[in-house]
Amino acid sequence: MPQASLDNLVDDGQCSRPTSRSISDKHWLAVIEVIAAAFVMQFSTSYSGYGNHHDDLSAAMQLFQKQYFKDDLQRAQSFTNAFLSDMHRILALDVDYSGDKRTEIYLKNPVYQKALSMQLSLGYWGEQQHRSLSSKVAFATLQLRWAALTFAMGGLKLNAPRNIPSVEAESNRTEIVRSFFGIISWTLSLTNFVIDELFTLSNAAEQHGSMDQDVLEAKLSELNTPALALIFVSQSRLLFKHLYRFFRGLGAEVMQHRSHDPTWRELGTMFTKSLVPFHQFEKVITDVENGIRNIYQSNQFSDAERKEIEKNMLVSGSVPSRLWPAVEYLLTGTVKAVREEVNVAELYFHDISWLGLSDDKASDQWRKRHRLDVIRKVELPRRARIRQCTRCCSIMENAAPPKGTAGWLVNMWRSCVCGNWWMSVKDDGEQTDGNR
């Protein structure tokens, strides 16, 4: 969109750029919606004409946000929410997975990835600022989706019938399992992060003496944490359920068939040393799901109302007041029960810097000093040859996949977890063309 068009939309002689932080200015909100609608029209055109990639549009929107909102993050988020809400409407996305919809339907639909990718990029404000809450929700959900896809594809190879058992076939299965290690470790760390943040919110409520929504939302804003949203948004909750079912299947095979193999023993150790027992995290997910379902049923919300609630929760990263009774039950009941079964101190000091979801100094320093392969979730040496995503700037090692995984893994490595292309990076940091 030409810069002159943006100027005309905002600076039309009747409405000036924001000079106040008051988000209640109806006239300015109307202008935000008009500008967002203009960007959505451009998105719709590029989506139908060019397919997956909208880097020019996301770059223009980021520039617009910086120029017209500057440090007014509230108004910037209002603009983002307006755009994302219209984008969901244009794409006809149904993000209500609070029922019994199958995970496969969600995983096979690439449009969800595209929508989350736009949400991820719009919350990026440069290296000197942390991602917005909405962007963090998109980031974590994309990682969970990638993990679920990896396990689904790898699981098919892992469980494929073997007509002639051989040493080579068993070696390939071992390599497939070992290729899961980084992703499993990352997912378990994400679980630790979510539970620890819930403990923090529960403690804040106890100190205040009530479950006042304003107090807890202020705490969530202070922490800029997506933890609560990740278990209330039905997409990410669905993915957590799917991943933990897969973990239980792997755990059963560790116990029953592969205890003699060092790779399987290492996997078993990873599971048994998890700071949050599987059944406790699954109980958190189940209690949240039941609480939301009861609210929907008792208030007789229509399908359209549920879809609107789920969409707003996904794009904003905040839980609406209509679902707050489920938050109260979670923090006053379920979380207290979980606290009795975990080592709270060990959980608190567990290093979650590599998740990319925390804003503390330790996490900032980790990201500056380390390079994480976003695909395999393993740390890379400084001299490793890498590819870098042209949108979210994530990196992966530019190397061949492990033996036994080549066929299915190469196809999945063609693009970043956000769905965008890779750019090869030379040792001197120079970028080269190509998605290879």
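This is a predicted model: local features need pLDDT of at least 70, side-chain atom pairs count only at pLDDT 80 or more; totals for chains, interfaces and linings use all residues.
## Orientation of helices 12 and 14

The crossing in which helix 12 passes helix 14 is left-handed. On the side of helix 12, the contact is made by Arg237, Phe240, Lys241, Tyr244, Phe247 and Arg248, while helix 14 contributes Phe278, His279, Phe281, Glu282, Ile285, Val288, Glu289 and Ile292.

Two residues of this contact, Lys241 and Glu289, also meet through their side chains in a salt bridge, with 3.0 Å from N to O. Because Glu289 lies in helix 14 (residues 278–298) and Lys241 in helix 12 (residues 234–256), the pair ties together parts that are 48 residues apart in sequence. Glu289 counts as buried at 11% relative accessibility, whereas Lys241, at 26%, counts as partly exposed.

## Overall composition

The protein chain has 436 residues, of which buried residues make up 51%, and its secondary structure comes to 19 helices and six strands. When contacts in the chain between residues at least 6 apart in sequence are considered, 71% of them join residues at least 24 apart.

## Helices 9 and 10

Helix 9 passes helix 10 in a right-handed crossing, and the contact is made by Glu197, Thr200, Leu201, Ala204, Ala205 and His208 of helix 9 together with Val215, Leu216, Lys219, Leu220 and Leu223 of helix 10.

## Further salt bridges

The structure holds 15 salt bridges, and one of them is formed by the side chains of Lys136 and Asp359, at 2.7 Å from N to O. This pair links distant parts of the chain, for Lys136 belongs to helix 7 (residues 133–158) and Asp359 to the loop between helix 17 (344–349) and helix 18 (361–369), 223 residues apart. Lys136 is buried, with a relative accessible area of 2%, whereas Asp359 counts as partly exposed at 23% relative accessibility.

Within helix 18, the side chains of Arg367 and Asp364 meet in a salt bridge, at 2.7 Å from N to O. Because these two residues are three residues apart in the helix, Arg367 and Asp364 are separated by about one helical turn. Arg367 counts as partly exposed at 33% relative accessibility, and Asp364 is likewise partly exposed, with a relative accessible area of 22%.

## Helix 15

Just after the helix, Gly317 takes a positive phi of about 75 degrees.

## Positive phi outside glycine

Ala92 has a phi near 55 degrees, a positive value in a residue other than glycine. Ala92 is placed in the loop between helix 4 (73–91) and helix 5 (103–108), and at 64% relative accessibility this residue counts as exposed.

Asn224 also has a positive phi, of about 50 degrees, although it is not a glycine. Its position is in the loop between helix 10 and helix 11 (227–232). Asn224 is buried, with a relative accessible area of 14%, whereas Ala92 counts as exposed.

Note on methods: Residues are numbered from 1 along each chain as its sequence is written. Side-chain values use heavy atoms; hydrogens and water are left out. A salt bridge is a side-chain nitrogen of Lys or Arg within 4 Å of a carboxyl oxygen of Asp or Glu. Helices (H or I, at least four residues) and strands (E, at least two) are DSSP runs, numbered from the N terminus. Buried means under 20% relative accessible area, exposed over 50%, partly exposed in between (1.4 Å probe, protein chains only). A crossing is left-handed if the near helix is turned anticlockwise from the far one by less than a right angle, and right-handed if clockwise. Contact means heavy atoms within 4.5 Å.
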